[in-house]
Amino acid sequence: MATTVTSDQPNPERLGPSPEQLAAHRISPRFYNADLAPCKKEGRSWTAYSVFSLWANDVHSLGNYGFALGLFALGLGAWQILVALLVGAALLFILLTLSGIMGHKTGVPYPVMSRIAFGIHGAQLAASVRGIVAIAWFGIQTYLAANVLNVLLLTFLPGLQSWAEVEFLGLSGLGWFSFTLLWIVQVIIVSYGMEMIRRYEAIAGPIILLTFVSLAVWMLVRVDFRISWSIDDPLTGWEMWVQILGGGALWVAIYGTFVLNFSDFTRSAKTRGSIVVGNFWGIPINMLVFGLVVISLAGAQYTIDGTVITSPADIVQAIGSPILLALASLSLLILTVAVNLMANFVAPTYALTNLFPRHLNFRSAAIISAIIGFAILPWNLYDSPVVIVYFLGGLGALLGPLFGIIMVDYWLVRKTKVNVPQLYTEANDGEYFYHHGVNWRAIGAFIPASLIALILALVPAFSSVSEFSWFLGAGLAAVIYFVIARRDFTFREVDGEEIAVPTAH
């Protein structure tokens, strides 16, 4: 008689690999759980639109607008700003596609991906640096969003002004309320995993694009479509080209975090083509739209009163209609939450899960990341130039060397051959055990490249080339590692389907 499987019985296909399958590959629970495991190919749900929606949100972040509007303030005109952004976009398209394809092929998140080059223990360095940067910026971005919410609340509930006048630990009572509310919203979203994040980004993307395009059109109408193409004293000659190239390089450096852990998202991509198509529409095309919005906002405001805005929020606050102000402010809140989820929440969540896979899953690690982001009182960090420039800036400079080593190891040294099950074993003869779990050749390339990147990024004497510190650090680490990398080894390609889980958590 055939056995009927009822709904309350375990379904091996749903739960993932059996203990016997894991044992056959010598999988260690110190390096494997359902969140770190590879994702089965047939269970992947991210389409080209999913990838595009990431960039539809992230490219239009308030921080990016502040950066691009700063180029206008420095003396770059309309076409120079577009060239700077498109130079950066072209480079980013290449780098993110290379990084994204790695995630699609292996199906693993970034902390596991970094085990390929750095070893099963050495990967903690690469994951932790990325995670620390993200946790700090998660708190800071939530604080900036809380400021927008404060303005919105005071517009409709002026009686809350008394809350804004009481301060505790560097933040007003109203600020505490807004920050806590937004913090809770983000924790709820991320606690439902990567699929909920995908859905939120997919909804938020069109809202953000429509908001900023509408804001640009509104400003153009105010000046009868006659805008200032530059400030009164624009840059010319060599100085202009230095700023253009420097702006393009900084545009890439801004995404130095994302090019590292893009595999956290593309591990769920249905095909390679969805990554390429999503990146194409989301980066060069979307960044062209972004540049046109920047030129419209900056040029129109300069035409009106001769001032250079520093953020779209400056224009939003000038909207006379309370209803339009509310809609614009809500869009900025939706945007900031979307950017925070993808850029600053996923990375530390996977990093913590990677540190304690036997004790943490995606949800518990996300909550811990959020608690840390709250406990550091990020508004005090944001108000400290020392923290922003030297601590976060210094950590950011380390991301270039990490990227250079990981890319060279995967694409040039091992020529894309990865033994995925071996990424989860601590056996002494494991392919990624190296020397006690650390690839000291990767560390040997990382240290000198990182020191030089830090000097270029932080020492005032090198301020003229600081914009290129990410590239120089990545390039130097890549060259050193390519020279010293181990080659007396036969690289094997083994997929992770036998130890994979049905979908990414």
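**Figure 1. An aromatic cluster in the predicted model**. Trp46, Trp55, Tyr65, Phe67, Phe212, Trp251, Tyr255, Phe258, Phe262, Phe265 and Phe290 together make up one aromatic cluster. Across the whole structure, a search returns 32 aromatic pairs.

**Figure 2. The aromatic pair Phe72 and Tyr302**. The ring centres of Phe72 and Tyr302 are 6.0 Å apart and the ring planes meet at 75 degrees; because planes over 60 degrees apart count as edge-to-face, the pair is assigned to that class. Phe72 belongs to helix 4 (residues 62-74) and Tyr302 to helix 15 (residues 272-305), so the pair ties together parts that are 230 residues apart in sequence. Both Phe72 and Tyr302 are buried.

**Figure 3. Arginine charges over aromatic rings**. The charged end of Arg222 is placed over the ring of Trp218, at 4.9 Å from the ring centre. In a second example, the ring of Phe482 has the charged end of Arg487 over it, 4.6 Å from the centre of the ring.

**Figure 4. The surroundings of Tyr432**. Tyr432 is located in the loop that lies between helix 20 (385-413) and helix 21 (440-458). Its relative accessibility is 0%, and Tyr432 therefore counts as buried. Leaving aside residues up to four places away in sequence, Tyr432 touches Arg115, Ile116, Gly119, Ile120, Arg414, Val418, Asn419, Gln422 and Leu423. With one of these residues, Asn419, there is also a polar contact: the side chain of Tyr432 reaches the backbone nitrogen of Asn419 at 3.0 Å. Between Tyr432 and Leu149, the C-alpha to C-alpha separation is 48 Å in space, and the two are 283 residues apart in sequence.

Methods
Residues numbered from 1 in each chain as written. Predicted model: local features only at pLDDT ≥ 70, side-chain atom pairs only at ≥ 80, totals over all residues. Heavy atoms only, no water. Phe/Tyr/Trp six-rings, centres within 6.5 Å; stacked < 30°, edge-to-face > 60°. Helix = DSSP H or I, 4+ residues; strand = E, 2+ residues; numbered from the N terminus. Buried < 20%, exposed > 50% of the residue type's maximum accessible area, 1.4 Å probe, protein only. Lys NZ or Arg CZ within 6 Å of the ring centre and 35° of its normal. Contact = heavy atoms within 4.5 Å. Polar contact = N/O pair within 3.5 Å; in protein donor to acceptor, adjacent residues only side chain to side chain.
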